[in-house]
Structures are given as C-alpha cells and as structure tokens.
Amino acid sequence: MARSIVRFRNQADGGAPRWGEMKGEHVFPLGGNWQTTAELIAAGELSADTRPAGLLSELEVLAPVTRDGRLYCQGLNYSEHRAESGVRETNDGDGLFFLKDSGSLCGPRDPIFRPPGVQLLDYEIELGLVLRKDINSPVALRREDLSAHVAGLVICNDISARDQMFGAPMMQWFLGKSARNFCPCGPTLLLLEDGDVDLIFDLQLELRLNGEVRQRAHTSQLMHLPHDAISALSRHVALRSGDCLLTGTPGGVLAQASPESFLAIRDNLMDDDARRAAFVTAQRANGAFLNPGDLLELTIRSPDGAIDLGAQRNVVEAQQILQEQTA
C-alpha cells in the first residue's frame with residue numbers, strides 16, 4: 001500500500017530536517033536519519049514512531065525532493081497546453097525536455113519570489129515522478145516496468161518567468177525556470193509499492209489562483225507517457241535515484257500564444273532586449289500575470305479521494321535584493 005511521506009522541521013526538537021509518515025492529519029517520525037531523498041528510497045523498509053511529531057499544520061513542511069536530485073521537465077505534454085502555446089498537433093518524437101535547477105526547490109507553503117524586473121510570472125501544476133534507482137544505460141521501459149523505476153509521486157509547481165525565458169540569449173529557458181523558490185514541491189511524497197503503478201494514470205490535477213480554478217486535468221490525458229519519457233531520457237543522460245521528472249502542465253497557464261507574440265519573437269530573433277520588450281507587450285495585452293499577494297493552491301488526488309498528494313498553498317512575494325555588508 002502506498003505511503004505518504006513528508007520532510008519537516010520541528011523547532012521543538014532542534015529544527016533539524018526529519019522524515020515522517022502522514023497518518024490522518026498527524027506526522028509520525030521515521031526512524032532513520034537520511035539526508036537525501038535517494039537515501040530514504042534506498043532504506044527500503046521504513047518504520048514510524050508510535051508518537052506523532054505533531055499535526056502537519058503545526059510543522060514547517062519542506063520539499064520531499066532534496067536538492068541533490070535533478071529536475072527534468074517535460075513540456076507540451078497535454079494537448080490543451082500545446083494548443084494555448086500555439087504548437088500544432090504533430091508527431092514530435094520523444095517530446096520536449098529541459099532542466100530546471102534543483103536550487104529552485106522550496107516547501108509547499110513557502111513564498112514564491114518574483115525576481116526584480118520580472119513582469120510575466122506564471123504557474124504550472126505538474127505531477128512529479130521520483131526515480132527509484134540509477135539508470136546508467138539506455139532502457140526501453142513498458143508501463144508495467146514503472147514500479148521498478150519510479151519510487152514515488154509528488155506535486156510540483158514549475159514557476160516560470162516568461163519574459164526571462166523568451167528574452168534570454170537564444171531563448172534558453174534555464175534562468176527563466178530556475179530562480180529561488182520557483183519549484184514548490186510537496187507536501188507529501190507518495191511512496192509506491194508493487195502494483196501501485198496504475199495510480200499514476202488516475203490522478204486529477206487542480207490549480208487555483210486566488211480561489212479561482214485555472215488548471216484542471218487528469219493524468220490519463222498525458223501525451224508522452226512516463227515509461228516512454230524515462231526511456232527517452234535514458235538514451236541521452238544518466239539518471240539517478242532521487243531525480244524527479246515533472247511530467248508536464250495542463251492548459252490554463254497565464255501565457256497564451258498570439259500573432260503578436262509570434263511576431264515579437266520572429267522579428268527580433270537576434271536582438272534579446274527588443275524581443276523581450278515586444279514579447280512582454282504582447283503578453284500583457286492578453287491579461288494579468290502573477291503579482292505579489294496572489295495565492296496559489298494546488299492539489300493532486302484520485303477522483304475518488306483515496307489517493308491524495310496533499311495541498312500546496314503559496315503566496316507570491318516581491319523578491320528583495322540584499323546588499324552585502326563590508327567591514
């Protein structure tokens with residue numbers, strides 16, 4: 001049976017990061033002192049204390065994916081998001097992959113920082129798959145092989161600065177995806193047991209912005225399936241236990257394709273500043289992006305509620321630049 005694992009701090013016992021198991025609303029500490037998600041996965045049998053550390057609501061909840069793991073992302077993996085991005089329904093082979101720096105990981109209640117100068121801050125709810133073991137050579141996985149390769153499931157929010165993404169030299173996305181607190185993660189890591197693989201394909205994703213549903217989809221709608229995605233990645237990179245694959249976001253993001261946005265990119269392809277300014281103007285004409293004070297609430301659960309990855313609740317804040325003090 002799948003188990004809901006959280007990573008937390010309790011100032012009452014020194015504030016060191018610990019692992020626990022969710023049972024109802026309480027968190028029961030686990031016996032080991034694992035520093036990373038990969039170490040937790042490798043531990044195998046996990047035993048929980050009989051006395052709870054407290055209610056989840058009383059604890060500081062950390063991302064259950066630790067920063068030593070890498071974040072691999074799939075793009076354009078739901079048809080509605082593909083359409084709103086202006087991409088036609090074509091056979092795109094293995095699909096779109098990119099990296100997001102793991103330094104962007106933060107807890108499910110932490111603030112989302114809008115960096116200075118960013119005008120087009122956007123959200124993307126995604127189901128994250130945490131890998132069970134290293135994959136050092138190309139593999140060809142089938143759906144039934146996923147249990148041996150996927151340790152657990154987690155909610156991720158792929159926060160994106162669209163103006164940085166499309167205003168960067170050669171439009172590389174790394175900086176626009178990788179700022180601090182650009183990947184709220186958790187609260188729970190749902191550790192899978194043998195036979196739980198079908199859970200991946202029966203989950204409902206929902207994101208609310210200031211109480212309004214903006215994204216909603218079912219994982220049965222994924223275009224490039226997880227076993228195919230892991231197989232494709234394995235042909236190019238060495239994957240490690242504890243790495244996390246973000247499987248793509250549904251339709252409903254704030255950035256929308258438009259003729260003006262296309263022209264902003266095409267007509268200013270070799271001029272980064274002009275491209276960024278024109279793209280921002282085109283996108284802001286479509287509507288507002290995230291601003292300080294906005295509240296994002298994310299959930300992923302099965303339609304019957306039997307499987308629940310918990311809930312994220314993050315408020316957008318303007319990032320402050322600290323000046324170093326010199327002696």
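**Overall fold, cores and helix 8**

The protein's secondary structure comprises 8 helices and 20 strands, taken as DSSP runs numbered from the N terminus (helices H or I, at least four residues; strands E, at least two). The model is predicted: local features need pLDDT of at least 70, side-chain atom pairs count only at pLDDT 80 or more, and totals for chains, interfaces and linings use all residues. Residues are numbered from 1 along each chain as its sequence is written, and side-chain values use heavy atoms, with hydrogens and water left out.

Buried residues account for 53% of the 327 residues. Buried means under 20% relative accessible area, exposed over 50%, and partly exposed in between (1.4 Å probe, protein chains only).

The largest nonpolar core has 54 residues. A nonpolar core is a set of buried Ala, Val, Leu, Ile, Met, Phe, Trp, Tyr and Cys residues joined through side-chain atoms within 4.5 Å. L153, I200, I230 and L296 touch the most other members. Strand 11 (residues 125-131) gives the most to this core, with 4 residues. A second, separate core of 23 residues includes I5, L46, L71 and C73.

Helix 8 (residues 272-284) has 13 residues. Its buried residues are R275, F279, V280, A282 and Q283. Seen down the helix axis, they fall within an arc of 165°, so they line one face of helix 8. The arc is that of the directions from the helix axis to the C-beta atoms. The face turned away from the buried side carries the exposed residues D273 and T281. Cover for the buried residues includes helix 4 (162-167) and helix 7 (259-266).

How values were computed: The expected span of a helix is 1.5 Å times one less than its number of residues. Contact means heavy atoms within 4.5 Å.
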